Amino acid sequence: MIFFYLSVMILRYQLFTIIWVIIILFLTLLPASSLPSGINWYIPFDKLAHAGVFGILALLLTIGSCKQYSVEHMKRFPYHWTISLCFVFGLLIEVLQGSFTSRHFEWMDLVADMIGAFIGLIVFFFVYKW
């Protein structure tokens, strides 16, 4: 009963995060042929997309962690939870992509994910703390 209560309270404030995670999984596991090839800039479109998507994910995770009140550690240290979960999720995505024939594991995608996560935390800090 307590586990059910805790999971409902956490999920209640992470609903948008869960929806965003499902969208990320759907988009990142699409075949490579259905994705845009890139823009002829210094940074490929793929890396910008990873950073943007994980920036939004980090923002949603941090907001949900701060609003929930059933797990004190998550509320007191939302930045640690956000960075840890974004890293694990980004690594999971890259491992899953490595198992497909049309996609492959890229360390630079994981780096772009983490840069986006830190940008999301910075946005959270400026919007909610100031």
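## Reading features in a predicted model

Me: Leucine 92 has a relative accessibility of 43%. Does that make leucine 92 buried, exposed or partly exposed?

Reply: Partly exposed. Under 20% would be buried and over 50% exposed, so 43% lands in between. Keep in mind that we're looking at a predicted model. Leucine 92 sits in helix H5.

Me: Which residue is 67 places from leucine 92 in sequence, and how far away is that residue in space?

Reply: That's leucine 25: the two C-alpha atoms are 9.9 Å apart.

Me: Let's do a helix. How do I read its sides?

Reply: Start with the general idea: an α-helix has 3.6 residues a turn, so residues three or four places apart point the same way. Now try helix H2, residues 15–28. Its 14 residues reach 20 Å from first C-alpha to last, close to the 20 Å expected at 1.5 Å a residue.

Me: Which residues of H2 are buried?

Reply: Thr17, Ile24 and Thr28. They cover an arc of only 20 degrees around the axis, so they lie on the same side of H2.

Me: And which exposed residues are on the face turned away from the buried side of H2?

Reply: Ile22 and Phe26.

Me: How about salt bridges? How many does the structure hold?

Reply: Look for a side-chain nitrogen of Lys or Arg within 4 Å of a carboxyl oxygen of Asp or Glu. There are two here. In one, glutamate 106 meets lysine 47 at 2.9 Å, N to O. Glutamate 106 is in the loop between H5 and H6, while lysine 47 is in helix H3 (residues 45–67), so the bridge ties together parts 59 residues apart in sequence.

Me: Are those two partners buried or partly exposed?

Reply: One of each: glutamate 106 is partly exposed at 23%, and lysine 47 is buried at 16%.

Me: Which residue meets lysine 47 at 2.7 Å?

Reply: Aspartate 109, again in a salt bridge. Aspartate 109 belongs to helix H6 and lysine 47 to helix H3, so this pair ties together parts 62 residues apart in sequence. Aspartate 109 is buried, with a relative accessible area of 2%.

Me: Now the aromatic rings. How many pairs are there?

Reply: Five. To read one, check the distance between ring centres and the angle between planes; over 60 degrees is edge-to-face. Take tyrosine 79 and phenylalanine 124: the centres are 6.1 Å apart and the planes at 65 degrees, so this pair is edge-to-face. The pair links distant parts of the chain, with tyrosine 79 in helix H5 (residues 78–98) and phenylalanine 124 in helix H6 (residues 107–129), 45 residues apart. Phenylalanine 124 is buried at 3%, whereas tyrosine 79 is partly exposed at 30%.

Me: Which residues share an aromatic cluster with Tyr79?

Reply: Phe124 and Tyr128.

Technical notes:
Residues are numbered from 1 along each chain as its sequence is written. This is a predicted model: local features need pLDDT of at least 70, side-chain atom pairs count only at pLDDT 80 or more; totals for chains, interfaces and linings use all residues. Side-chain values use heavy atoms; hydrogens and water are left out. Rings of Phe, Tyr and Trp (its six-membered ring) pair if their centres lie within 6.5 Å; planes under 30 degrees apart count as stacked, over 60 as edge-to-face and the rest as tilted. Helices (H or I, at least four residues) and strands (E, at least two) are DSSP runs, numbered from the N terminus. Buried means under 20% relative accessible area, exposed over 50%, partly exposed in between (1.4 Å probe, protein chains only). The expected span of a helix is 1.5 Å times one less than its number of residues. The arc is that of the directions from the helix axis to the C-beta atoms.
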